[in-house]
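Colleague: I would like a close look at one part of this model, with the residues that surround it, and then a view of how that part sits in the whole. Please give the cut-off behind each term as you use it.

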Amino acid sequence: MEAVDRSREQAAPDGAAAESTLAELFEAVFERGRDVSPRPLSVAQLRAVVALDRHDGVNLRELAEQLDSTPPLVSRLCDRLEAVGFLERLPSARSRRELSLRLSDRGRAYLRDLRARRRENVEALLAKMTPAGRAGLAAGLREYRALADGESAGMP
């Protein structure tokens, strides 16, 4: 039986078919962003680096909560980040028994470079879009973000 590539098919812009098409489009955009690459990091390590950038100085338990993982798994993940020079474990100002996790200068530089490359990639594609396409995309993404922000704040 021959495999059929349905990645370019367009569904009717109504109801569940439109939602499925939009979900597939988001997935394609995210996958393309991964091409700009988290190397030398795994996806889990990259998530940790981003979390540490947002929440500098958290302890292991807090980072595990942010990553929806367990402290033992996050500890091993931090071991690997420390081994590549992206993470520093420092004494906590709150307690002598815990460590504070921080991105190293190398980790911050890596994240800055990754974000710049991803931004350049997105900007290059946006430049190819029509003005009407960019305006429609911007309006849709503003609405999507408002809804996502509302859900993350515990709103329905």
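Modeller: I shall begin with helix α2, where A44, Q45, A48 and V49 meet L77, R80 and L81 of helix α4. A contact here is a pair of heavy atoms within 4.5 Å, and helices are DSSP runs (H or I) of at least four residues, strands runs (E) of at least two, both numbered from the N terminus. The model is a predicted one, in which local features need pLDDT of at least 70 and side-chain atom pairs count only at pLDDT 80 or more, while totals for chains, interfaces and linings use all residues. Residues are numbered from 1 along each chain as its sequence is written, and side-chain values use heavy atoms, with hydrogens and water left out.

The meeting of α2 with α4 contains 5 nonpolar, 1 polar and 1 charged residues. In this classification Ala, Val, Leu, Ile, Met, Phe, Trp, Tyr, Cys and Pro are nonpolar, Asp, Glu, Lys and Arg are charged, and the others, Gly among them, are polar. Helix α2 covers residues 43-54 and helix α4 residues 71-83; their axes come within 10 Å and cross at roughly 85°. Such axes are lines fitted to C-alpha atoms over the stretch in contact, with angles from 0 to 180 degrees between N-to-C directions. The two helices are therefore roughly perpendicular to each other, a term that covers 65 to 115 degrees.

Once the neighbours within four places in sequence are set aside, Q45 is in contact with P40, L77, R80 and L81.

Helix α2 also meets helix α5. Here the axes of α2 and α5 come within 11 Å and cross at roughly 105°, so α2 is roughly perpendicular to α5. On the α2 side the contact is made by L46, V49, V50 and D53, and on the α5 side by R108, Y110, L111, L114, R115 and R118. By class, the contact of α2 with α5 has 6 nonpolar, no polar and 4 charged residues. V49 of α2 takes part in the contact with α4 and in the contact with α5.

Helix α5 itself runs over residues 105-128 and includes G107. G107 is buried, with a relative accessible area of 0%. Beyond residues up to four places away in sequence, G107 touches G85 and F86. G107 and L87 stand 20 residues apart along the sequence, yet their C-alpha atoms are 6.6 Å apart in space.

S104 lies in the loop between β2 and α5. S104 is buried too, with a relative accessible area of 5%, and, residues up to four places away being left out, touches G85, F86, L87 and E88. A polar atom of the S104 side chain lies 2.4 Å from the backbone oxygen of G85.

Strand β2 spans residues 99-103 and contains S100, which is buried at a relative accessible area of 11%. The side chain of S100 reaches the backbone oxygen of G57 at 2.9 Å. With neighbours within four places excluded, the contacts of S100 are G57, V58, E88, R89, L90, P91 and S92.

D68 lies in the loop between α3 (60-66) and α4, and at 74% relative accessibility D68 is exposed. Its phi is near 55°, a positive value in a residue other than glycine. Most residues other than glycine have a negative phi.

As for the whole, the protein has 6 helices and 2 strands, arranged along the sequence as α-α-α-α-β-β-α-α. Of its 156 residues, 24% are buried. Among contacts between residues at least 6 apart in sequence, 49% join residues at least 24 apart. The protein exposes about 11500 Å², of which carbon and sulfur atoms supply 55%; such areas come from the Shrake-Rupley method with a 1.4 Å probe.

Conventions
Angles under 35 degrees count as roughly parallel, over 145 as roughly antiparallel, 65 to 115 as roughly perpendicular and the rest as oblique. Buried means under 20% relative accessible area, exposed over 50%, partly exposed in between (1.4 Å probe, protein chains only). A polar contact is a pair of N or O atoms within 3.5 Å; within protein, one must be able to donate a hydrogen and the other to accept it, and residues adjacent in sequence count only if both atoms are side-chain atoms.
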